[in-house]
Amino acid sequence: MFSLSTTLALSALALRVASAADVFAHFMVMNAYAYDVDQWKKDMSDAQQIGIDGFALNWIPPYCQGDQGWTADRIGDAFTAAEQMGFKLAHSFDMSYSECNTYWTPQYMAQILTKYASNLATYRWNGDILVTTYGGDFVSQYGNDFFNSLKAEMSYSNQYISLSPALTKYSMAGYDDPSGQASQLLSDFPSIDGYLNWQAWPLNVQENITATPDQAFQSALKNAGKKGPYIMSVSPWQYKDLNNGNPLDAWVAFSDTLFPDRFAQLTNKEVQPDIIEILTWNDFCESHYLRDLPDQHDTSAKDYVVLGDMGNYVWGQNHAPWRIIAKYYISWWKSGSPPPIIMDQVIYWYRVHPKDASCYYGSSTAIKNANMPADAMFAWALVKDSATISMTVGSNQYHTFTADGSGPAMGQVPFPSDLGSGVTPEVAIVRNGQTIYTGKGSQTISSSCQWQNFNPNVNLVGDGTNQGTVGVNNKMASSKKHRRHSHRHVRHIGDH
């Protein structure tokens, strides 16, 4: 039985959620083995600072592959922390594993959902517990009947869910056939209430992603009278290399300017989803993490992770400054107006070797779409007053673009043909003929490489403390720094 105060709180939450513009980040519980409640709170605080309202907790069946029963304990710690932090949580049941010792069952999922139903961190949509998935369409043990059984199990305890799964077969096929796949989705899965469109990246094409699939899926849900949320995914990058000889397990998506381009679809009102889900907070091995990297060597750290061979393209590749981009656009989307620009900040990113570099390890030329990324450094500038942004990569010196206080500006500079023994990129903010900030990248760019790497290094020059492990960042004589970042698991179906 719920208390009157809890009932009133849940009712108020239901009214708020149904009309809110909320932002979740996909969180890989597999990378939280060492977490305790305090570490969860630290991650949640970092996420809240940029406007993220909650985590979608991705976890596989606890005994799918070996003994991973500890994941249920970490889920419990997450709910304890989130309730204290005023943070929200939703389950993202990973149904992508085609080979499991023990698969998800409706009974176990209902048990977990019911266990946390009264926890104020549980995210609800129109009063019902929001449930998302990764997959559920490729693996024969799941499907529409499975989802109907889950809903029936929940009803036995007078609990109800708003089911908004990420069914990757339809999201991928919907990239080229949006309306047809949106219709097919609802025909094949009448049990769903909403939908999470997982395809946040261009699908094997060298062009920017469009909002057309989002519009089609959202329209189909509305026309079918579905009351669940349409969840739009946003991601900064995608690169993964399992280095196992299977070309299906090594790919890069065309992501050069993906993050600001995808966010701009929201602020330009090309699509207005109910919820945004950022992919991801800590999926290190697919190179789309926003979280600070953990210490690679401190095994006592509460965010310590083991990445194996995939750590060769993750360690040292800071992404923390991308959170500044996310914060700006999240604020704009929630308020409906661009936020005031009160600091000078330039976020710049680049890969650490050209795409035709011959590396000793990794899948090298077997990486799908390896020809698509541009060999260039990209910069996204927010400045409070008119300024010139100067970029240098080796012999390609002082490429400039202008920015002012009206909003973001972007520029890029190509890698030079001769990188010599390696070059360190440099970025400067110049105003009224005076250089007010300079920054050097924290990694060099070199044609010589031990391990194939399409995962970018991201840096900040300018004001702010949300810098992660960046390189040199000077304003006149002062230097400002900060630090941190974490892991992910291997999926077998529909990753890309």
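Q: Is helix α10 mostly covered or exposed, and how many of its 14 residues are buried?

A: A residue counts as buried when its relative accessible area is under 20%, as exposed when it is over 50%, and as partly exposed in between, using a 1.4 Å probe and protein chains only. By that rule α10 is mostly covered, with ten of its 14 residues buried, among them W322, R323, Y328, W332 and W333. This is a predicted model, in which local features need pLDDT of at least 70 and side-chain atom pairs count only at pLDDT 80 or more, while totals for chains, interfaces and linings use all residues. Residues are numbered from 1 along each chain as its sequence is written, and side-chain values use heavy atoms, with hydrogens and water left out.

Q: Where does α10 run, and what span does it reach from its first C-alpha to its last?

A: Helices (H or I, at least four residues) and strands (E, at least two) are DSSP runs numbered from the N terminus, and the expected span of a helix is 1.5 Å times one less than its number of residues. Helix α10 covers residues 322-335 and reaches 20 Å, close to the 20 Å expected. It is followed by G336, whose phi is positive, near 90°.

Q: Which elements do the buried residues of α10 pack against?

A: Contact means heavy atoms within 4.5 Å. The buried residues of α10 pack against several strands, including β1 (22-28), β12 (345-350) and β21 (457-462), and also against helix α9 (258-267).

Q: Why is α9 described as largely enclosed?

A: Eight of the ten residues of α9 are buried, so this helix is largely enclosed by the rest of the structure. The buried residues include L258, F259, P260 and R262, and the partners of the buried part of α9 include α8 (212-223), β8 (230-234) and α10. Just after α9, K269 takes a positive phi of about 65°.

Q: What does the disulfide of C64 and C100 tie together?

A: The sulfur atoms of C64 and C100 are 1.9 Å apart, and the link is left-handed, with -80° about the S-S bond. C64 lies in the loop between β2 (54-59) and α3 (70-85), and C100 in the loop between β3 (88-95) and α4 (106-115), so the pair ties together parts that are 36 residues apart in sequence. Both C64 and C100 are buried.

Q: Where do C359 and C449 lie?

A: C359 and C449 form a disulfide with their sulfur atoms 2.0 Å apart, and this link is left-handed, with -85° about the S-S bond. C359 lies in strand β13 (residues 359-361) and C449 in strand β20 (residues 449-451), so the pair ties together parts that are 90 residues apart in sequence. C359 is buried at a relative accessible area of 10%, and C449 is buried at 8%.

Q: Which residues lie nearest the centre of the second largest pocket?

A: Rolling a probe the size of a water molecule over the atoms shows where empty space is left. On a 1 Å grid over the protein atoms alone, a cavity is a set of points where a 1.4 Å probe fits but cannot get out, whereas a pocket is an open set with protein on both sides within 12 Å along at least five of seven lines, and lining residues have an atom within 4 Å of a point. The second largest pocket is lined by 13 residues, of which N312, V352, Q450, W451 and N453 lie nearest its centre.

Key: A disulfide is a pair of cysteine sulfur atoms within 2.5 Å.
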